[in-house]
Amino acid sequence: MARNRRRRPTGARRATFAAVALMLGGAGLVVANVYASATEGWGDGSGTNATDVTGHVLSAGRATIDCPDVGSRLTAVPDAARPDVDRELALLDRQTAAAYRQLQQSAPAAGRDSGTADATIMNPLEEKRSAAIGRITDALDRAGGRPQGLDALAACTLRPGDGSTGGAGRASTAPSAASQPVNGAGQGGNGPVVSDYADITSVEPGLPNPPQQADASRGTFTSDCGVNANGLFNSDNVIVAPGVSNGAHHVHDYVGNQGNNAFASDDDLAKAGTSCVDRGDKSSYYWPVLREQNGTQERDAGSPGGGTEGNAGQIVTPEQVTLTFVGNPRGKVTAMPRLLRIITGDAKAFVNGPGNANASWSCTGYEDRQLKDKYPLCPPGSDVVRTFRFQSCWDGRNIDSANHRTHVAFTAPDGSCPAGFRPIPQLVQRIVYDVPAPSLEDAGRTVPLFAVDSFPEQLHKPVTDHGDFIDVFDDDLMREMVDCINSGRVCGPGGGASGMTPAPTASSGARTTTSPGEPPRTEATTGTTAHAPTGTTTEPARSGRPTEPTEPTEPGAPSARATARAGRGKSAPPASPPAAPTTQAGRPSSPTAPAESAQPSRTTAGSVPPALTQPQPPATQGGLAETGAHLWPAALGTLLAVSGLIMFLRARRLPY
């Protein structure tokens, strides 16, 4: 018998076969993971996200730092201590922002070892906060009042990401940032995520208006102050952080008073110009800007408050800003005190919880549906609407308070004010933007995400939206407003619904009011003429409205936003018939007014919107060639993995 010369495979050879098989299989998995990571990241992958060995993203935009809000705990601060306290509160915000940026830069190490984050970020932050809180306590001590319990507010927590919901409130059980797949971390690397958006057509209509009593104040007074087309921006907040540059750590739009910055005194505000048609209104109305995260390098791309703090992308000029003062459903309103300060909403609601959140989001044609903790996805032909309903009860004594909240209050569901408070005209701000619904299936690469500016650690969540108001009405105009509202009239520019003569142009500074059965009454006021900024153009006045400058063109930005809006179908009707909007008093809006100018339905202060249905992502973009280009890495990875599996099985079958 011939001798079999074939060599039996040894253990070493079998091990070699197995090793080669595993290498091929591993190469396939690597190719697949690299492909998945590359296609799911932001833009060209130049963002701040890092990937761990599992292929998941360690996104600093998904984890954040949760620090107790010291300012909200200070309900009484003597005047002598205010400068020191305000300065230290602003320092606490700077410390949190700096620690958050450090977290972004060290996200991979922090994700692998929580002890690393504690040693390098959280413990030093606690030490710095403890020193600042100690100085606050000392300042209050010197002024005669030492608060209790402030020392316990020094420690912060490293809050893991919660990209699945985008909601507000503290989350102790959320999965860690290292376990989160990429979900659209935003151009600035700190949000928003795709789960921060909801289809407005899936939202249930809101609650009805409170019932009107016989003595209700049903009138409205409107002030027309433009849309900030001249681009007055800064990242200060003279209410919360007077005397501190970049006290807000995000950029504000300003209309009305043109002298508002961190260093503006009451006298400065009184002497400043105004963008309002009626020169008697020098009030300051401001709110965080809205940005499209489209890669545009804005003027503040390298500045504090802007790109260096995660507020990136193109600032969007509103299409329309409506400032309406309305009455109380139970009785007459009294005049606001001059220089009254009101903040509505909470810029830190994402970590503080939604207790003080108050802004709401909707779409034109759907304003009976309001969102508190989501940005709206509007159907074609519908624009984004952002609404603030300010507190309308005043304590009768103070124009501000230590925490900027306790001197004013919201009405109860029945419209009544708390004991000791009196009703004042309620400011309702309605801001309309022409921005398309983002493409969620590719995290906004095709159609960019939009979001409000925020403190860096607040991750651009919609629940953090807020508005600020400083009353700088002259006394005559405030009396006129109160009389108009209490007598049930409609006053201010564009009040033609009750037969009122349209307001004159901004240069005249006149105001016109009317009462039922009375002829229109025009009063001349003094003031300087508003001029369009250099480089802008103006449109002819329409229907008596003031001439407004068009949006200035930024270097490198598209000329005319119509280019970016091509194909939106602005003239298309809403996807479903909208409910008829109502005015603040619950009456149908005037048939002579444009549909988009109607007031949204009033909801109860502090109410929680109903559960929202998850939005359906838009249709996938791209043609056949693009699809093939996207599929070949996955096909190669699959082929390598299968080859490895076959070699591994053959190695197992070989005889000893």
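Visitor: Which strands make up the open sheet of 6 strands, and in what order?
Guide: The order is E14-E16-E20-E12-E6-E23, and the pairing is mixed. A strand here is a DSSP run (E) of at least two residues, a helix is a DSSP run (H or I) of at least four, and both are numbered from the N terminus. What you see is a predicted model, in which local features need pLDDT of at least 70 and side-chain atom pairs count only at pLDDT 80 or more, while totals for chains, interfaces and linings use all residues. Residues are numbered from 1 along each chain as its sequence is written, and side-chain values use heavy atoms, with hydrogens and water left out.

Visitor: What makes E14 and E23 stand at the edges?
Guide: Strand E14 (360-363) and E23 each have a single partner strand, so one side of each has no neighbour in the sheet.

Visitor: How do you know that E14 and E16 are paired?
Guide: Two strands pair if DSSP finds at least two bridges between them. E14 and strand E16 (residues 384-389) are joined by 4 bridges and run antiparallel, so they meet that rule. One example is cysteine 363, whose bridge partner in E16 is valine 384.

Visitor: How many bridges join E16 to E20?
Guide: There are 6, and the two strands run antiparallel. Across this pair, phenylalanine 388 stands opposite glutamine 429 in E20. Strand E12 (residues 320-326) also pairs with E20 in the antiparallel sense, over 7 bridges, and here phenylalanine 325 has leucine 427 of E20 as its bridge partner.

Visitor: Why is strand E20 called largely enclosed?
Guide: Buried means under 20% relative accessible area, exposed means over 50%, and partly exposed lies in between (1.4 Å probe, protein chains only). In strand E20 (residues 426-433), 8 of the 8 residues are buried, so the rest of the structure largely encloses this strand. Both faces are covered, with Gln426, Val428, Arg430 and Val432 buried on one side and Leu427, Gln429, Ile431 and Tyr433 on the other.

Visitor: Why is aspartate 465 counted as buried?
Guide: Its relative accessibility is 0%, and that is under the cut-off, so the word applies. Aspartate 465 is in the loop between strand E21 (450-452) and E22. Leaving aside residues up to four places away in sequence, aspartate 465 touches several residues, including Pro288, Asp346, Trp361 and Phe388; contact means heavy atoms within 4.5 Å.

Visitor: How do you know that the reach of helix H8 is close to the expected one?
Guide: The expected span is 1.5 Å times one less than the number of residues. Helix H8 (residues 475-486) has 12 residues, and its 17 Å from first C-alpha to last is close to the 16 Å expected. Several residues of H8 are buried, among them Leu477, Met481 and Ile485. After H8 comes glycine 488, with a positive phi near 80°.

Visitor: What lines the second largest pocket?
Guide: Its lining has 41 residues, and Asp69, Ser72, Val240, Asp346 and Lys348 lie nearest the centre. On a 1 Å grid over the protein atoms alone, a pocket is an open set of points with protein on both sides within 12 Å along at least five of seven lines, and lining residues have an atom within 4 Å of a point. H3 gives the most to this lining, with 6 residues.

Visitor: How do the lining residues of this pocket divide?
Guide: There are 15 nonpolar, 15 polar and 11 charged residues. Ala, Val, Leu, Ile, Met, Phe, Trp, Tyr, Cys and Pro count as nonpolar, Asp, Glu, Lys and Arg as charged, and the others, Gly among them, as polar.

Conventions: On a 1 Å grid over the protein atoms alone, a cavity is a set of points where a 1.4 Å probe fits but cannot get out, and a pocket is an open set with protein on both sides within 12 Å along at least five of seven lines; lining residues have an atom within 4 Å of a point.
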